[in-house]
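Open the model in your viewer and follow along. Each stop names a selection, then says what is there.

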Amino acid sequence: MFGSRVRGAAVAAVFLAGFAVSCDAEPAAPDAAPSASAAASAAATPSASSAPGSSAPSPAAPPASGGPGASALPGSPPEKVRDAFAGLQATLDGSCTPSECAYFLGRVHEELHGLDAAMKADPKGPGHFPEPIALIAKLDAELGGDRSFKNLKAHQTLLIGTRDKINTWMQGHPDDYR
C-alpha cells in the first residue's frame, strides 16, 4: 500500500512538472523573427556595452516593450487610463537609490509611456488629455529616443518632473481615473 502511494505521488509530481513546463513554454516563432525569450536572454547577457557609463540600456531597466503599459497580447486593447495612471502613481514613493536607480528611472519612463498609449486610445480621444500627452512628447524630444540609464539619469529632473506634473494634472481630473 505504501508503494502505490509513493508511485502515485511520483506520477502526480511528474505530471505537474510537465504541465508547468508546457504552460510556461512560448509558442514557436517564425524563423525570421527571434523569439521573445531569445531577445530577453540576449538582453540579460552582460556585454562590454552594458558597462556603467555606456549608452546601452541597463539590464536592471524594464524592457522597451512589454512593460507595464504594454498590452498583454498583440491586437488586444491598451490599458485603461485609470490602470495606467495607477501604475504611474506606484512610482511616487520610489527614488533613485544607487542600487535601484536604473530600475526606478526605467520604470517611470515605461509608466509614462503606458499612460500615453492609454490616453491616446481612450474613447474620449487624445484631445481630452492634451497636457499630459504634450508633456510626454516634450520628454521624448529631450531624450531623443535614448532610454539608456545614462540618458535617463542625465534627464532625471525632467523625467521625474514630467511624472509629477502629470500626476497633478490627473488629480485635477478625477473622472478620468476613477
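A word on the model: it is predicted, so local features need pLDDT of at least 70 and side-chain atom pairs pLDDT 80 or more, while totals for chains, interfaces and linings use all residues. Residues are numbered from 1 along each chain as its sequence is written, and side-chain values use heavy atoms, without hydrogens or water.

**The whole chain**

Zoom out. The chain has seven helices and zero strands. These are DSSP runs numbered from the N terminus: helices are H or I with at least four residues, strands E with at least two. Of the 178 residues, 28% are buried. Buried means under 20% relative accessible area, exposed over 50%, and partly exposed in between (1.4 Å probe, protein chains only). Contacts are pairs with heavy atoms within 4.5 Å. Among contacts with a separation of 6 or more, 69% join residues 24 or more positions apart.

**Back to H7**

Select the buried residues of H7: Leu159, Ile160, Thr162, Arg163, Ile166, Asn167, Trp169 and Met170. They pack against H3 (81-89), H4, H5 and H6.

Stop at Thr162 in H7. Thr162 is buried, at 3% relative accessibility. A polar atom of the Thr162 side chain lies 2.7 Å from the backbone oxygen of Leu158. Beyond four places in sequence, Thr162 touches Leu112, Leu135, Ile136 and Leu139.

Now pick Met170. Leaving out residues up to four places away in sequence, Met170 touches Val81, Phe85, Met119, Asp176 and Tyr177.

**The nonpolar core**

Which residues have the most contacts inside the largest nonpolar core? Leu112, Leu115 and Met170 do, in a core of 24 residues. H3, H4, H5 and H7 each give two or more residues to this core. H4 gives the largest share, eight residues. A nonpolar core is a set of buried Ala, Val, Leu, Ile, Met, Phe, Trp, Tyr and Cys residues joined through side-chain atoms within 4.5 Å. In soluble globular proteins, nonpolar side chains tend to be buried together.

**Salt bridges**

How many salt bridges does the count come to? The count is five. The rule asks for a side-chain nitrogen of Lys or Arg within 4 Å of a carboxyl oxygen of Asp or Glu.

Select Glu110 and Arg147. Their closest N and O atoms are 3.4 Å apart. Glu110 is buried, at 8%. Arg147 is buried too, at 13%.

Move along H4 to Lys120 and Asp116. Their salt bridge is 3.1 Å, N to O. The two are four residues apart in H4, about one helical turn. Lys120 is partly exposed at 45%, whereas Asp116 is buried at 9%.

Last, select Arg163 and Asp164. Their closest N and O atoms are 2.9 Å apart in a salt bridge. Is Arg163 buried or exposed? Arg163 is buried, at 5% relative accessibility. Asp164 is partly exposed, at 31%.

Notes: Polar contact = N/O pair within 3.5 Å; in protein donor to acceptor, adjacent residues only side chain to side chain.
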